[in-house]
Amino acid sequence: MAEPVQTPQAFPTRIFSGIQPSGSLTLGNYLGALKRFAQKQDEGIETLYCVVDLHAITVWQDPEKLRQQTREVAAAYIASGIDPKRSILYNQSQVRAHAELAWIFNCVARIGWMYRMTQFKDKAGANSENSSLGLLAYPSLMAADILAFKATHVPVGEDQKQHIELTRDIAAKFNHDYKVNFFPITEPLIEGPATKVMSLRDGTKKMSKSDPSDQSRINLTDDADTIAKKIRKAKTDAEPLPDNVEGLEGRPDARSLVNIYAALSDRTTADVLTEFAGAQFGTFKPALADLAVEKLGPITAEMNRLMQEPDEIDAILGRGAERAEAISSPILNDVYDIVGMIRSRQV
Ligand code: AMP
Ligand code: TRP
């Protein structure tokens, strides 16, 4: 990795992140992404949050469902504390810079870089020749999302680390090939106890909206009873909780539940263990279920309320897209210029 050539003046702090509208959101999305996105906004940093609909169609999406899921992710952003006045909230396909810059990056990035991505390998499976070309080029579009705004920081869960590294490689290669210091070398922000929330059925696997078992995850649309039931049935071992973090070594299921408790209550894992040292899961699980219901209940209720007003959601996304366009358009024009495209059309 080339050393970043940048000065703070050249690249003021700007945060970008995105979520795919490809199924219902989970507790993993909330703790690893949404909750942290709202914190960044509340710190007063310039924040852009996107529903990445162009990414979603790298695998088949039913058009009507896609529209619905796009609104649902927008509602989840708002219900989690994203204020469309303070943050720029929009869907990717309404802003042309994403797709256009992705094309340029397709010509900067190397095919080999794409084949190395673990997310591609996982999603493409055994029959990768039959996956869409878009699925392979997915990280190039993700780099375009971030760099169309010269975003300096990207909060994400751990599973996205490799994609951000690729974004850095693309920015560095563009800067190097065209002898410019145009794109920042973006930093991933992977912080807190819940950057990788695990499946409730298997503490060694990520909680995922695509897991075939609904029992493996808590959905943001689950009601209080369902949440409590899923936590009660979550896989654990027979030992009581230890009094320190080292004691969770080799106990992935226990560790995962304690981390979820810590993230939901804004405490450290160590702090939670101090309180529950020696407790059996018969005590800890109901406490966790109560906490999860207390924290997620209002978010689910607000999402449901917002989903009754699809026109309002669409209007918010439209206004956000205009603001996103205003920032990314001049950057895209500069890119075309750097690359050597003639831009003589009168508008
Ligand atoms: P996706 O649902 O794949 O579009 O992911 C949206 C965001 O949620 C990304 O920042 C992911 O890293 C994050 N995320 C997804 N699943 C988890 C999980 N199980 N734990 C923590 N973060 C997650
Ligand atoms: N690839 C991300 C995911 O699956 C979603 C995403 C698309 C994203 N573009 C982004 C995340 C830009 C951060 C920044 O979770």
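Seven elements each supply at least two residues of the lining of the largest pocket: β1 (14–19), α1 (27–42), α2 (53–56), α6 (118–124), α7 (133–147), β4 (153–155) and α8 (161–177). Helices (H or I, at least four residues) and strands (E, at least two) are DSSP runs, numbered from the N terminus. This is a predicted model: local features need pLDDT of at least 70, side-chain atom pairs count only at pLDDT 80 or more, and totals for chains, interfaces and linings use all residues. Residues are numbered from 1 along each chain as its sequence is written.

A pocket is an open set of points on a 1 Å grid over the protein atoms alone, where a 1.4 Å probe fits, with protein on both sides within 12 Å along at least five of seven lines; lining residues have an atom within 4 Å of a point.

The largest pocket is lined by 44 residues. Q20, Q119, D159, Q160 and K206 lie nearest its centre. α1 gives the most to this lining, with five residues.

The second largest pocket has D53, I57, L66 and R67 among its lining residues. Both α3 (63–79) and α13 (310–339) supply at least two residues there. The largest share, four residues, comes from α3.

A volume is the space filled by probe spheres set on the grid points, which are joined across faces, edges and corners.

| Pocket | Volume |
|---|---|
| Largest pocket | about 1,100 Å³ |
| Second largest pocket | about 220 Å³ |

Notes:
Chains lettered and ligands numbered in written order. Heavy atoms only, no water.
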